[in-house]
Amino acid sequence: MNKRTPHAAVTALAAAVALTAVGCTDGKNVGGGQGEDTGKNPATSNVGRTVGGTPQKGGTLTVLSNQDFTHLDPARNWVVTDMDFGTRLLYRTLVTYKAEPGARGGELTPDLAEDLGTPSNGARTWTFKLKKGLKYEDGSPITAADVKHNVERSFSPDLPGGPDYAARYLAGADGYRGPAGGKHLDSVRTPDDHTIVFELRKPFSEFPYATVLPTFAPVPKAQDKGPRYDNRPFSSGPYKIERYDRDKQLVLVRNPHWDPASDSVRKAYPDKLVVVMGLKANQIDDRLIASRGPDSSAVSWDKIRPESAPKVLTDSGVRARLLAESSSCTEMVQMHTGRAPFDDLRIRQAVQYALDRESVMTASGGPALNEPATAMMPGSLFGGKQPDTLSIPLTGDVEKAKQLLKEAGKPDGFSTSITVSNGDKGVGEAVQQSLGRAGIKVTVETVDPSAFYDSIGDTKNRTDLIYTGWCPDYPSGSTFLPFVFDGRYIKEKGNSGNHSLFRDEPTMKRMDEIAAMTDAAQAGEAWQKLDGEILAKAPTMPAVIERKPLLVGTNVAGAFGHTSFGGQLDYATVGLKDPSKSRN
């Protein structure tokens, strides 16, 4: 899934944070490991734990945010933070993750479905039975046909940007463009209102993990308004939208037809959730550090700014309210491999050698909040620690970069541009400065976080370089490398994952071979080897694996970062200690 990174950097203060943390290259979680607290990093005291005790029912939970959502339409929702919010509060999926801190959060549990699905035909066919009595916010029944409709609408050209597991795995999906005009997929059958059957083009034993994604949430055809559905998804979850003013405020209230007896995951403690958007990131941090009045019942939408980290990490009372799970998401510089000069391997390798990952890490908050990336897949897919595939020094090798530029006919370097989320301007400047040492002159272009993925997904008009990240949707290499490097699924608009536009026939052939393996351990080793082979072809340069440092107010309870949602706050269990202290 896409990883939004809306932080900003202040180098001097981020360096101060580094003084409070251990060296970042010698821990057992280098490169996105399991996220355990080593006992040395002050940011990780709450890793794998719930903050604030058990919530009481009622009150208003406020979410302080500097941005709007990218998409809430379940057919288009593929940014990790938005997915967490949407699937925990607004809509249910066939299967979901348990609401548990630590490793147990990676375990599947039935949601709309009665179980985790029944495979047949060598895992080419999967059947799910829906629970009886499930209802939407208006009391109408949720049916299997509604799930089928959302799967089909995810193919619509006017609804770009969402998960494309259906396009990759459903039989007969090639060339399908959605249900407009009454066209339907024969590979998705609904024999009755409570049964849905998926026919896949190849065996896929991990298919239940895919049904956690919003693509497999129900959307009733009568409520589908095409692109406008993004503004008002119809609720099958514990809350419904009372008001949504884009870029300003989203208000959720209880869905009276959600039945908690049918839902083992969502606790729905607050009566109301209010997302306040458009705030300054430093304003959010300061308000939550102080935690006065209604702000004591608030949480941050995204990570604290690097310059706020010293205030948090040096105050034990504030630090006790910090969540900092590993995101298991790899941040990287992706290069447009189909456009000169980045169609030359030597140019791309020069970028790999020129990049100063230490500078990028400092700009991202220092070693208390980040670890250097030495491979593409996170350490969780390497048994706990990434290999150092390229053996490039953390600060880069400028002379080697210059040598490669000379061999490529660019001895004086060249000019190019990089797009970053506007909160990542400091990271963009770190890339700019490090590549500039080798003669590569980089212009930094910033984009608002809510429009970032739509902007970089426009393959014709994007910049040569992009700084973004990818998170595995579940713990398998099949959810990382194919989505970031399979050239067969590149789209002109709404392109996602493969922002290097990498099209390499041997790589795609090997991906297919690994996907056909029935031995999970053998496939895991093959994905690990392929990671290094792709990195040697230099479509990208991994930079850092980030933690997700989130602050919660003093009146917040049941809070933890969910390991399967990139360390984001799990909205399924969060609530308030004393609801009477919250805003009305």
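The legends below describe close-up views of a predicted model. Residues are numbered from 1 along each chain as its sequence is written, and side-chain values use heavy atoms, with hydrogens and water left out. In this predicted model, local features need pLDDT of at least 70 and side-chain atom pairs count only at pLDDT 80 or more, while totals for chains, interfaces and linings use all residues.

**View 1. The largest nonpolar core holds 66 residues.** A nonpolar core is a set of buried Ala, Val, Leu, Ile, Met, Phe, Trp, Tyr and Cys residues joined through side-chain atoms within 4.5 Å. Buried means under 20% relative accessible area, exposed over 50%, and partly exposed in between (1.4 Å probe, protein chains only). Leu94, Leu170, Phe198 and Leu481 touch the most other members of the largest core. Helix H16 (residues 520-536) contributes the most to this core, with 6 residues. Helices (H or I, at least four residues) and strands (E, at least two) are DSSP runs, numbered from the N terminus.

**View 2. Surroundings of Leu481.** Leaving out residues up to four places away in sequence, Leu481 touches Met376, Met377, Asp486, Met511, Trp527, Leu530, Asp531 and Ile534. Contact means heavy atoms within 4.5 Å.

**View 3. The open sheet of 4 strands has the order E5-E6-E8-E7.** The pairing in this sheet is antiparallel; two strands pair if DSSP finds at least two bridges between them. Strand E5 (118-120) and E7 stand at the edges with a single partner strand each, so one side of each has no neighbour in the sheet. Neighbouring strands are turned by 20 degrees against each other on average, direction ignored. Axes are lines fitted to C-alpha atoms, for helices over the stretch in contact, and angles run from 0 to 180 degrees between N-to-C directions. E7 and E8 run antiparallel and are joined by 3 bridges. Val188 stands opposite Phe198 in E8. Helix H3 (residues 144-153) packs on the sheet and touches E7 and E8, its direction making about 170 degrees with that of E7.

**View 4. A salt bridge joins Glu199 and Arg189.** A salt bridge is a side-chain nitrogen of Lys or Arg within 4 Å of a carboxyl oxygen of Asp or Glu; the whole structure has 30 of them. In the Glu199 and Arg189 pair, the closest N and O atoms are 2.9 Å apart. Glu199 lies in strand E8 (residues 195-199) and Arg189 in strand E7 (residues 188-192), so the pair ties together parts that are 10 residues apart in sequence. Glu199 counts as partly exposed because its relative accessibility is 21%, and Arg189 counts as partly exposed at 37%.

**View 5. Arg92, Asp111, Asp263 and Arg266 are linked in a network of salt bridges.** Within it, Arg266 pairs with Asp263, the closest N and O atoms being 2.9 Å apart. Both Arg266 and Asp263 are buried.

**View 6. The buried side of helix H6 (residues 281-290).** The buried residues of H6 are Ala281, Ile284, Asp285, Leu288 and Ile289. They lie on the same side of H6 because they cover an arc of only 125 degrees around the axis, the arc being that of the directions from the helix axis to the C-beta atoms. Their cover includes strand E2 (60-64), strand E12 (298-300), helix H7 (309-313), helix H8 (316-319) and strand E18 (540-551). Ser291 follows H6 and has a positive phi, near 50 degrees.
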